[in-house]
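I opened this notebook to keep track of what I looked up, in the order in which I looked.

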Amino acid sequence: MSQIEKVLYTAKTHTTGGRDGASRSSDGILDVKLSSPGSNGGGTNPEQLFAAGWSACFIGAMKAVAGQQKISLPADLAVDAEVDLGTNSGGYLLQARLNVSLPGMERGAAQQLVDAAHQVCPYSKATRNNIEVELKLV
């Protein structure tokens, strides 16, 4: 397991009530009501928050790789993340799909960029060999 040598940022949240509660960041910028997936509780759920965080981080990783390789990225690049919550005989599990849109990029170059970003993205590293992940260039 890799160890952090220098901490760049620490996110701090306070959550109460679990899936049917609320979560607030220490700076107050994030302040959300939580609800169980599929319920009418009127809040978001951990899977949505994970999908949003991972997709944003993945775009950051693509930008970092593109910068290193001096590749121009389309202004309208996007990642649609899908995070499934499911079960098997061992209990609850997650699986995910990252659908990456790089309009106007040559398909081979776009695929290489996506593959490289998946190697450097911290969320991708954290999930590697832990959950099923599908990368799809759309």
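Entry one, aromatic pairs. I looked for rings that pair, meaning rings of Phe, Tyr and Trp (its six-membered ring) whose centres lie within 6.5 Å, with planes under 30 degrees apart counted as stacked, over 60 as edge-to-face and the rest as tilted, and I found that the structure holds two such aromatic pairs. In one of them, the ring centres of Phe50 and Trp54 are 5.5 Å apart and the planes stand at 55°, so I noted this pair as tilted. Before going on, I recorded that this is a predicted model, in which local features need pLDDT of at least 70 and side-chain atom pairs count only at pLDDT 80 or more, while totals for chains, interfaces and linings use all residues. Residues are numbered from 1 along each chain as its sequence is written, and side-chain values use heavy atoms, with hydrogens and water left out.

Entry two, where these rings sit. Helices here are DSSP runs of H or I with at least four residues, and strands are runs of E with at least two, both numbered from the N terminus. Phe50 and Trp54 both belong to helix 1 (residues 46–69), where they are four residues apart, about one turn of the helix. I also checked Phe50 against Tyr123, and these form a tilted aromatic pair with 5.7 Å from centre to centre and 45° between the planes. Since Phe50 lies in helix 1 and Tyr123 in helix 3 (residues 122–127), the pair ties together parts that are 73 residues apart in sequence.

I took buried as under 20% relative accessible area, exposed as over 50% and partly exposed as in between, with a 1.4 Å probe and protein chains only. Trp54 is buried at 0%, whereas Phe50 is partly exposed at 24% and Tyr123 is partly exposed at 29%.

His118 is found in helix 2 (residues 107–120), and its relative accessibility of 13% makes it buried. Leaving aside neighbours within four places in sequence, I found His118 in contact (heavy atoms within 4.5 Å) with Phe58, Ser124, Arg128, Val133 and Leu135.

Strands pair if DSSP finds at least two bridges between them, and three strands form an open antiparallel sheet in the order 1-2-3. Strand 1 (13–16) and strand 3 (31–33) are the edge strands, each pairing on one side only. Three bridges join strand 2 (residues 22–25) to strand 3, and Ser23 stands opposite Val32 in strand 3.
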